[in-house]
Amino acid sequence: MHTKNEDELITLGQELGSLLEKNDVLILTGELGAGKTTLTKGLAKGLGIHQMIKSPTYTIVREYEGRLPLYHLDVYRIEGDADSIDLDEFLFGSGVTVIEWGHLLADALPSDYLELEILKDGEGREVVFHAHGQRATELLQRLMDGV
């Protein structure tokens, strides 16, 4: 899926966010500045969250309240050491978990998650989806049906 600018990336996130359910896990990958936090701003809108969304780069985790809680993690700085945070608290909590650089956690990830790879394409972004598991596949299908 291609977005032409930041607003379209936020809109895509908002559409996906409106479909999210408790215990959904999204993994965001892409180089620095690709738009992972920008997409998360849209996800938050779709979850009815009105707080300012900030990158959790230095705090590791930020939590927001909306229709469902949003656990926004950035695991780049923990270098794949899943034991340095209580990942289960977020993955099996009462909300939605979005993990920037989540591919670094590899084996610590649940078996069912939707990965969004964000690639820079001029001013726009190419978003490539990888569904892992039944719920992620259903979520991706619902998103594609609505887009």
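Leaving aside neighbours within four places in sequence, Leu-116 touches Leu-16, Leu-26, Ile-27, Leu-28, Thr-29, Leu-39, Val-127, Val-128 and Phe-129, where contact means heavy atoms within 4.5 Å. This is a predicted model, in which local features need pLDDT of at least 70, side-chain atom pairs count only at pLDDT 80 or more, and totals for chains, interfaces and linings use all residues. Residues are numbered from 1 along each chain as its sequence is written, and side-chain values use heavy atoms, with hydrogens and water left out. Helices (H or I, at least four residues) and strands (E, at least two) are DSSP runs, numbered from the N terminus.

**Nonpolar cores**

- A nonpolar core is a set of buried Ala, Val, Leu, Ile, Met, Phe, Trp, Tyr and Cys residues joined through side-chain atoms within 4.5 Å. Buried means under 20% relative accessible area, exposed means over 50%, and partly exposed lies in between (1.4 Å probe, protein chains only).
- The largest nonpolar core holds 28 residues, and Leu-16, Leu-20, Leu-26, Leu-70, Leu-114, Leu-116 and Phe-129 have the most contacts inside it.
- At least two residues of this core come from each of helix H1 (6-17), strand S2 (25-29), helix H2 (36-46), strand S5 (96-100), strand S6 (113-121), strand S7 (124-132) and helix H4 (134-146).
- H4 gives the largest share of this core, four residues.
- Another core, of twelve residues, lies apart from this one and includes Val-25, Leu-73, Val-75 and Phe-90.

**The sheet**

- Seven strands form an open sheet with mixed pairing, in the order S1-S7-S6-S2-S5-S4-S3. Two strands pair if DSSP finds at least two bridges between them.
- Strand S1 (2-3) and strand S3 (61-64) stand at the edges with a single partner strand each, so one side of each has no neighbour in the sheet.
- Strands of a sheet pair through backbone hydrogen bonds, either parallel or antiparallel.
- S2 and S6 run parallel and are joined by four bridges; Leu-28 has Leu-116 in S6 as its bridge partner.
- S6 and S7 pair in the antiparallel sense over nine bridges, and the bridge partner of Tyr-113 in S7 is His-132.
- Two residues separate S6 and S7 in a hairpin, and Gly-122 in the turn has a positive phi of about 65°.
- S3 pairs with strand S4 (residues 70-74) in the antiparallel sense over four bridges, with Glu-63 opposite Tyr-71 in S4.

**Helix H4**

- The 13 residues of H4 should span 18 Å at 1.5 Å a residue, and the end C-alpha atoms are 19 Å apart, which agrees. The expected span of a helix is 1.5 Å times one less than its number of residues.
- Arg-135, Ala-136, Leu-139, Leu-140 and Leu-143 are the buried residues of H4.
- Seen down the helix axis, the buried residues of H4 fall within an arc of 135°, so they line one face; the arc is that of the directions from the helix axis to the C-beta atoms.
- Gln-134 and Asp-145, on the other side of H4, are exposed.
- The cover over the buried residues of H4 includes H1, S2, S6 and S7.

**Salt bridges**

- The count comes to four salt bridges, a salt bridge being a side-chain nitrogen of Lys or Arg within 4 Å of a carboxyl oxygen of Asp or Glu.
- Arg-135 and Glu-21 meet through their side chains in a salt bridge of 3.9 Å, N to O. Arg-135 lies in helix H4 and Glu-21 in the loop between H1 and S2, so this pair ties together parts 114 residues apart in sequence.
- Arg-135 is buried, with a relative accessible area of 17%, whereas Glu-21 is partly exposed at 40%.
- Arg-142 also forms a salt bridge with Glu-21, with the closest N and O atoms 3.9 Å apart. This pair links helix H4 to the loop between H1 and S2, 121 residues apart, and Arg-142 is partly exposed at 41% relative accessible area.
- Glu-31 and Lys-120 meet in a salt bridge of 3.5 Å, N to O. Glu-31 is in the loop between S2 and H2 and Lys-120 in strand S6, 89 residues apart; Lys-120 counts as partly exposed at 43% relative accessibility.
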